[in-house]
Amino acid sequence: MSLDTPTPVRSGVVYKKSTGTYYVNIEGENIPCSISSRLRKVLIYPTADLSSNPHHRVQKVEDISQVDPIAVGDDVNFIDAGDGTGQITEVLPRWSQLTRRAPGSKVLEQVVVANVDQVVVVIAAAQPSPRWQMMDRYVAGAEACEIPAVICVTKMDALKPRDEADVLSVFEDYRRVGYPVILTSAADGTGMDEAKAVLNGRTSVFVGMSGVGKSTLLNALQPGLGLRVGQININLDKGRHTTTGLEMFPLEFGGSVVDTPGMKTFGFWDVESQDVALLFREMRPYVGQCRYGLNCQHDTEPNCAIKAEVLRGKISERRYHSYLYLRQYLYAQDK
Ligand SMILES: Nc1nc2c(ncn2[C@@H]2O[C@H](COP(=O)(O)OP(=O)(O)OP(=O)(O)O)[C@@H](O)[C@H]2O)c(=O)[nH]1
Ligand SMILES: [Mg+2]
Ligand SMILES: [Zn+2]
């Protein structure tokens, strides 16, 4: 290449990562890219990863609190090597990010997905039976990341008639506080048009416990996607962690979606204990109204405005228990 030929810099979106390689999507093609040494400088690995990844060198870099400078969903600039590969030189500013504490680290943050419009919290109506506290943890996690949440109920076909009224009334609670809820079944096609309408034109990330049917739903929405799905373990009433990596897919009807492996938690990276109630929408207006003001944990304190609303039936008791449980989960042990 002669000196006066400008370096061909192109822009795209990171669709997938695997150790050291980032797949950048441009015009429907995934180009494997490495990253420039300037970006690599901020690429540090937690010490705990050393045993499993002997090739990773720990770099002690102050002021850096993220494990990987590039996340799925990032808009990046890269140099096209001309041989089907490239090198990422720049990550463009993110306008939203789903974060979590890096696995194996107490201090490092990991951006799981960048630049998403909405978090789709997926929960099965049955098989596995709904874990409401987990669901509230996901919804609160989305609030902590300031990304709108949509609730997508799967496996409506598997819901027993005798459980239907109870389960549906819980979803009504969410509608009442302002979360859209869609009821679907990949098995009989229920709610497919509604699901498409919610995903159309947006970038979404699917979260939810293993086995709830995230990959199956995506396959049903877009035949040909061919994501791997797995049977749930009936005895344990749990999935088997079939999806192992994070990957973004373009949707033919418009928009794109990131399928994730069943993550247990995200979003609480920098949430202080007294802020947890703010992550429950219906509690927000009462925060600061308790006798102990902003110091109230809404637990055993007297004259608590939030508990008063629970007693009056304005805040669901179930959501209030999820709040107590989440606070305990976050602060009784490590985040
Ligand atoms: N009855 C019924 N079963 C479903 C439905 N959708 C998914 N399943 C079953 O649920 C099981 C788990 O589905 P997956 O799509 O692998 O679940 P996942 O949420 O992607 O799980 P992970 O990748 O492990 O996080 C499979 O046996 C599916 O056949 C549905 O609409 N109805
Ligand atoms: Mg899956
Ligand atoms: Zn209170």
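**Packing of helix 2 and helix 7**

Helix 2 and helix 7 are roughly perpendicular to each other, a class that covers angles of 65 to 115 degrees, with angles under 35 degrees counted as roughly parallel, over 145 as roughly antiparallel and the rest as oblique. The angle between helix 2 and helix 7 (residues 317-331) is about 75 degrees, and their axes are 9 Å apart. Axes are lines fitted to C-alpha atoms, for helices over the stretch in contact, and angles run from 0 to 180 degrees between N-to-C directions. Helices (H or I, at least four residues) and strands (E, at least two) are DSSP runs, numbered from the N terminus.

From helix 2, the residues Trp132, Gln133, Asp136, Arg137 and Ala140 meet Arg318, Arg319, Ser322, Tyr325 and Leu326 of helix 7; two residues are in contact if their C-beta atoms, placed from the backbone, lie within 7 Å. This contact of helix 2 with helix 7 is made up of four nonpolar, two polar and four charged residues. Here Ala, Val, Leu, Ile, Met, Phe, Trp, Tyr, Cys and Pro count as nonpolar, Asp, Glu, Lys and Arg as charged, and the others, Gly among them, as polar.

**Basis of the model**

The model is predicted: local features need pLDDT of at least 70, side-chain atom pairs count only at pLDDT 80 or more, and totals for chains, interfaces and linings use all residues. Residues are numbered from 1 along each chain as its sequence is written, while chains are lettered from A and ligands numbered from 1 in the order in which they are written.

**Val170 in helix 3**

Val170 belongs to helix 3 (residues 161-177). Apart from neighbours within four places in sequence, Val170 is in contact with Trp132 and Arg318.

Val170 counts as partly exposed because it has 17 C-beta neighbours inside 10 Å. A residue is buried if 20 or more other C-beta atoms lie within 10 Å of its own, exposed if 12 or fewer, and partly exposed in between, with C-beta atoms placed from the backbone.

Strand 1 (residues 9-18) and strand 2 run antiparallel and are joined by five bridges; strands pair if DSSP finds at least two bridges between them. Ser18 has Thr21 in strand 2 as its bridge partner. Two residues lie between the strands of this hairpin of strand 1 and strand 2, where Gly20 takes a positive phi near 80 degrees.

Strand 2 also pairs with strand 3 in the antiparallel sense, over five bridges, and Val24 stands opposite Ile31 in strand 3. Glu27 is found in the loop between strand 2 (21-26) and strand 3 (29-35). Although not a glycine, Glu27 has a positive phi of about 50 degrees. With 7 C-beta neighbours inside 10 Å, Glu27 is classed as exposed.

**Backbone features in other loops**

His298, likewise not a glycine, has a positive phi of about 55 degrees. His298 lies in the loop between strand 13 (256-259) and helix 6 (305-311), and counts as buried because 25 C-beta neighbours fall inside 10 Å.

The peptide bond from Gln127 to Pro128 is cis, with omega near 0 degrees. Pro128 is located in the loop between strand 8 (118-124) and helix 2 (132-144).
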